[in-house]
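These are my notebook entries on a protein model, written as I looked things up.

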Amino acid sequence: MNAEQNNNQPGDSRFFDKSGPYSLEKLVKETGAQLIPAQSGKNIISELTAIAPLQIANSSEVSFLDNKRYLPLLAETKAGVVIVSPAFADKVPSDTVALVTTNPYLAWAKVANLFYPRTQAKAGIHPTAYIHPNVKLDPSIEVQPFAVIMDNVEIGKNCIIGAHSIIEQGVVIGNNCRIGSHVSLSHAVLGDRVTIYPGARIGQDGFGFAVGDEGFVSVPQIGKVILNHDVEVGANSTIDRGSVKDTIIGAGSRLDNLVQIGHNVQMGKCCIVVSQAGISGSTQLGDFVTVAAQAGLIGHIRIGDRARIGAQCGVMSDVEPKSDVIGSPAMPFREFFKNVAFLRRLVKTSGTKEKK
Amino acid sequence: MNAEQNNNQPGDSRFFDKSGPYSLEKLVKETGAQLIPAQSGKNIISELTAIAPLQIANSSEVSFLDNKRYLPLLAETKAGVVIVSPAFADKVPSDTVALVTTNPYLAWAKVANLFYPRTQAKAGIHPTAYIHPNVKLDPSIEVQPFAVIMDNVEIGKNCIIGAHSIIEQGVVIGNNCRIGSHVSLSHAVLGDRVTIYPGARIGQDGFGFAVGDEGFVSVPQIGKVILNHDVEVGANSTIDRGSVKDTIIGAGSRLDNLVQIGHNVQMGKCCIVVSQAGISGSTQLGDFVTVAAQAGLIGHIRIGDRARIGAQCGVMSDVEPKSDVIGSPAMPFREFFKNVAFLRRLVKTSGTKEKK
Amino acid sequence: MNAEQNNNQPGDSRFFDKSGPYSLEKLVKETGAQLIPAQSGKNIISELTAIAPLQIANSSEVSFLDNKRYLPLLAETKAGVVIVSPAFADKVPSDTVALVTTNPYLAWAKVANLFYPRTQAKAGIHPTAYIHPNVKLDPSIEVQPFAVIMDNVEIGKNCIIGAHSIIEQGVVIGNNCRIGSHVSLSHAVLGDRVTIYPGARIGQDGFGFAVGDEGFVSVPQIGKVILNHDVEVGANSTIDRGSVKDTIIGAGSRLDNLVQIGHNVQMGKCCIVVSQAGISGSTQLGDFVTVAAQAGLIGHIRIGDRARIGAQCGVMSDVEPKSDVIGSPAMPFREFFKNVAFLRRLVKTSGTKEKK
């Protein structure tokens, strides 16, 4: 195998263990979708063997359509089964079974998890790992090569501690957590089912210093980081611990790669922070807030529940619940795009005039 | 303890060793602040046991107010002592002692450092560390698990070399430096009291290549990285070594997390570079320059002393000393916000007209 | 040696092994440049001993001029030989030999590679490394301290696997690759001569989840990462593996530090992605595309061959081949700067009027 031979076939057995096959009934049950048999009547599917994208799926495989950009691929698919929304049910080719649901991506997630169930912890501590004698580790956990677990750490059931990770003194980790490779984790308390991707830095002291006569004086940062249940933190992201309060990431929130979270940030439930976004110190986010890629929030502001911050947005003041903002400085979506369009038109018109 | 039980009490003993108690006199001496006894006369404090934020401090604890946003918290605080600026001295509750100073955050830094003094190196090399036989290490240094120290490295007194860090061949580290976990340090010379946070990458070759007929040709990068005294480099930040000159970070400068410094950048004393900002190759910063979060500077420009570059600013040309710029492309603060306001007003007015 | 003694002399022997000396003829042959002898006739150079920047090069050293900003340094250089473009050939001092070529930076790259040839792998596996018994490693490879190579990995000739790196199960690496320290590499297939800088995270599952009734549901990510021949990935950059397709970086493409590449991104040949830029999932780049620093591309769009995306640009829709765009939202370079200038002028004029 070499890099030039890219077959684009998903689920390469070098990397993935596939489960299945599964019956069509099982898929219907799992997704709650409505089954519409193939119009042609030809295709009597008993078992589905795999999942695949529309353009390469075959008659024993399941695919899905979530984004209308890819409608042309649906028309030509050879997939045995396709998960679609009601709006596109009539676009499914005649040899293909449709599984129709109002949330096709969620149904896809459920089907994909059937075929590729989450890897489970293989109980055991790799002989190269370093474990401090004074720790409280559930015997079910998997500790990978060269991981380091320091004094007074507590780790719950079925956790995986990745290669080269360090769990510093006193850290508490709940059940079913996955700590990727090369993670630094200190001054932190984690709930259950927390996932941390490789290279994330969690719990270091934040950017806190006073300006003295002879340079900067560091302020001791004596808060923690709290990652509640089901939080995910992306690769190479950084979360500073609190200064005198804690930095808190609410249950179910997901941070993408290369995200920065300053000290004392408090984030509600099920927030989404996309890659390379940054949230400055002491800013508070409500529940279900979305912060798109490369957006930046200054410190000490409040973002209301279900607010959406657009990509590259620069937020300098509080944002109301449910509002959509974009631009730097942030303004309502509609206003931002109106301003952009207005200026472009104005400049063009003016240019025309000048030429005359 | 679990993630849901978040009491927000700072200085959790799982993670922090507290010093003290300290007398009120000691705090006055340390900070140089003016003592104003509690108006009620009730509260005769002999000893302060801890520091805490306004909303949870009790009568034997010290707190502070630095940001007027939090004035409502001052009114309700039960803290025994509060550090405040003269402007807010009369807002301190009647049972609370005021320590009044023109730089309350600096006073707070000093008090916090009393209660939570900096961790000291515990002399010794962890048995799992790999040390090349040809090195010059002061016996006072602490080397943590799985650290790697290569050929011809020199390390001064009282340094801490974090777990899984690698100090590559020839690197020179001064006294009292702290290298966090998972740091890569190569082609570098460090002064004293330099602090590097986890996952920083320092000294790799920069993005230097020529465009040839058959693709890109790398240009050997034969400079170093110089980190002068008291420099701090944040978590997962990257500093490329010089191409033919050196990349230099001036004494006392502080870089936050996820900052990028290109090859040959020269930065003066006590600069501040906030998280996710990037400085392109060969750009020069004077002393006391501030680069706010997510700002970007192109290469080969000069930023004058005490200039301030706003968040998300895109700097494409030289910046005068002491000037404040923001926007992309960068312009003076005043002008930027005037332009934004003007356009918003213009569009609104125009909209009104169109409707009429 | 300490950090304060910065002599700015390149090629410090603590860090670099120099080759040479080389004759002038050798340089001419290597670069294909036209030799113009020193006008003064004084300087008969037989051998060149080193390379150096204009301001410190001496009469036995080679330097170059690539950026006209540095013309004043050319006038005063003491370099024995300077590589210049035809436009500046007559600016070379009278004691200095000129090597004239239309691509001086490429010539410089070739000369610098003569004096500082690429480090070669020193065959051998460090005794502290952990190697799974079931692997296929060419005996010529160098494996540094604490590296981890897991089950079923294949590595070709003359590769270097850096300290603390982890090569996860099934990964395939071609010949002459360099994996820096602290790299996480999983679910990936690499061509030949691929270089990965310290701390890069390659192959983790991307930001893929569906919104369910009780929070987010992760979608298994079952694609790979393909890094074709001669790809370079900068320090602390992150490349997520594909969801159902693969994430593909085309031959010769170079990614700088702290770059984010989302799942399913497909990038053509010889693209350049400068530091802190981010490309969202499923976006496709043609060949020779340049994405400047801190630019962001949304998902599911197409960027044509040889397009150039400016720094901090926010790209929300397809970009035509060979076009230059900048701004957020992206627009043609000319239009962007025209709009900026127009608004600034308009506000100034308006201000004048108001005062009157």
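**Sheet in chain B**

I looked up a residue pair in this predicted model and found that B:Val233 lies opposite B:Leu255, a residue of β28(B). The strands concerned are β25 (residues 232-233) and β28 (residues 254-255) of chain B, which I find paired in the parallel sense over 2 bridges.

**Interface of chains C and A**

I next counted contacts and noted that 84 residues of chain C touch 68 residues of chain A. For the area buried between chain C and chain A I have about 5,800 Å², with 60% coming from carbon and sulfur atoms.

For the polar side of the interface, I have 34 residue pairs in polar contact between chain C and chain A, both residues at pLDDT 80 or more. I also noted 3 salt bridges across this interface, and looked up the one between A:Asp12 and C:Lys224, whose closest N and O atoms are 3.4 Å apart.

Among the elements that give two or more residues to the side of chain C touching chain A are β22 (209-212), β23 (215-218) and α4 (333-355) of chain C, and α4(C) gives the most, with 7 residues. By class, I have 38 nonpolar, 35 polar and 11 charged residues on that side of chain C.

Conventions. Residues are numbered from 1 along each chain as its sequence is written. Chains are lettered from A and ligands numbered from 1 in the order in which they are written. This is a predicted model: local features need pLDDT of at least 70, side-chain atom pairs count only at pLDDT 80 or more; totals for chains, interfaces and linings use all residues. Side-chain values use heavy atoms; hydrogens and water are left out. Contact means heavy atoms within 4.5 Å. Buried area is the accessible area (1.4 Å probe) that two parts lose on being put together, summed over both. A salt bridge is a side-chain nitrogen of Lys or Arg within 4 Å of a carboxyl oxygen of Asp or Glu. A polar contact is a pair of N or O atoms within 3.5 Å; within protein, one must be able to donate a hydrogen and the other to accept it, and residues adjacent in sequence count only if both atoms are side-chain atoms. Helices (H or I, at least four residues) and strands (E, at least two) are DSSP runs, numbered from the N terminus. Ala, Val, Leu, Ile, Met, Phe, Trp, Tyr, Cys and Pro count as nonpolar, Asp, Glu, Lys and Arg as charged, and the others, Gly among them, as polar. Two strands pair if DSSP finds at least two bridges between them.
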